[in-house]
Structure formats: structure tokens, C-alpha cells
Amino acid sequence: MKLEEIVIEALNKAKAKDIVKYDLDGASPFFDSIFLATVTSTRQASGVISYLEDLISDTEYKIRNIEGENTEWVLIDLNDIVLSILTEKERQHFELDKLYAIYKKRNV
């Protein structure tokens, strides 16, 4: 299973919504794509982390770092993919979708 498929499966299992992938097409030397997803609570964000850890455990992929655990914006560095999990309030406040609007977008 590809890393992108694992990320999408973890988000779907935790019932995250408004999942969007932005392809950076070589714009960053650090990662290839960014996923944004909305959750209703920090508990649901923790569920995404738990599912992701379980799904990734038997693969060659690794979670490089998790920032903001138990907060309304969790950032997960998966080397080639960055995953931002935000509550609705945080997603509206920071408007990351506007920031990444110059990149190719795919709704998941």
C-alpha cells in the first residue's frame, strides 16, 4: 500500500471530512504533498493518529514527527507527505486552503 493510501484510509476510518490533497510538484525540497482534513474534536484527531500509527507499523514508512498532539491543529510529518488535521474553527481561521490554492488540488 502506498503512503498516500495509508493516509487516506486513516482519515476515513476516523471519519475526518473535507479531505484535500495539494501536490506541490517540486516546490518544496522537503515534501511532495500536503493533506488537509477537518475533525470535530481533538479526540477525533487523536483517532486519526492512532489509525495512522497502526496502518504504518508494518510498512517501510515512518512518522517523522507529530506536532500539536491534543490540540486543535495537529501536524504530522511523514517525510514525503505532510498531514494537517484541524478542527473546523482552526481551518477557517488559518485559511490554509487559500495558502495552497496555487497548487494542484484533489478532493479525497
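Me: By class, what makes up the lining of the largest pocket?
Reply: Four nonpolar, one polar and six charged residues. Here Ala, Val, Leu, Ile, Met, Phe, Trp, Tyr, Cys and Pro count as nonpolar, Asp, Glu, Lys and Arg as charged, and the others, Gly among them, as polar. Bear in mind that this is a predicted model, with local features needing pLDDT of at least 70 and side-chain atom pairs pLDDT 80 or more, while totals for chains, interfaces and linings use all residues. Residues are numbered from 1 along each chain, and side-chain values use heavy atoms, leaving out hydrogens and water.

Me: Which residues line that largest pocket?
Reply: Leu3, Glu4, Lys21, Asp23, Leu24, Asp25, Asp32, Ser33, Tyr61, Asp80 and Ile81. Helix 1 and strand 1 (17-23) are the elements giving two or more residues to this lining.

Me: What makes the contact between helix 1 and helix 2?
Reply: Helix 1 brings Leu3, Ile6, Val7, Glu9, Ala10, Leu11 and Lys13, and helix 2 brings Val48, Tyr51, Leu52, Leu55 and Ile56; contact means heavy atoms within 4.5 Å. By class, that's ten nonpolar, no polar and two charged residues.

Me: And what is Lys62 in contact with, leaving aside its neighbours within four places in sequence?
Reply: Lys62 is in contact with Ile56, Leu78 and Asn79. Lys62 sits in the loop between helix 2 and strand 3 (65-67).

Methods: Helices (H or I, at least four residues) and strands (E, at least two) are DSSP runs, numbered from the N terminus. On a 1 Å grid over the protein atoms alone, a cavity is a set of points where a 1.4 Å probe fits but cannot get out, and a pocket is an open set with protein on both sides within 12 Å along at least five of seven lines; lining residues have an atom within 4 Å of a point.
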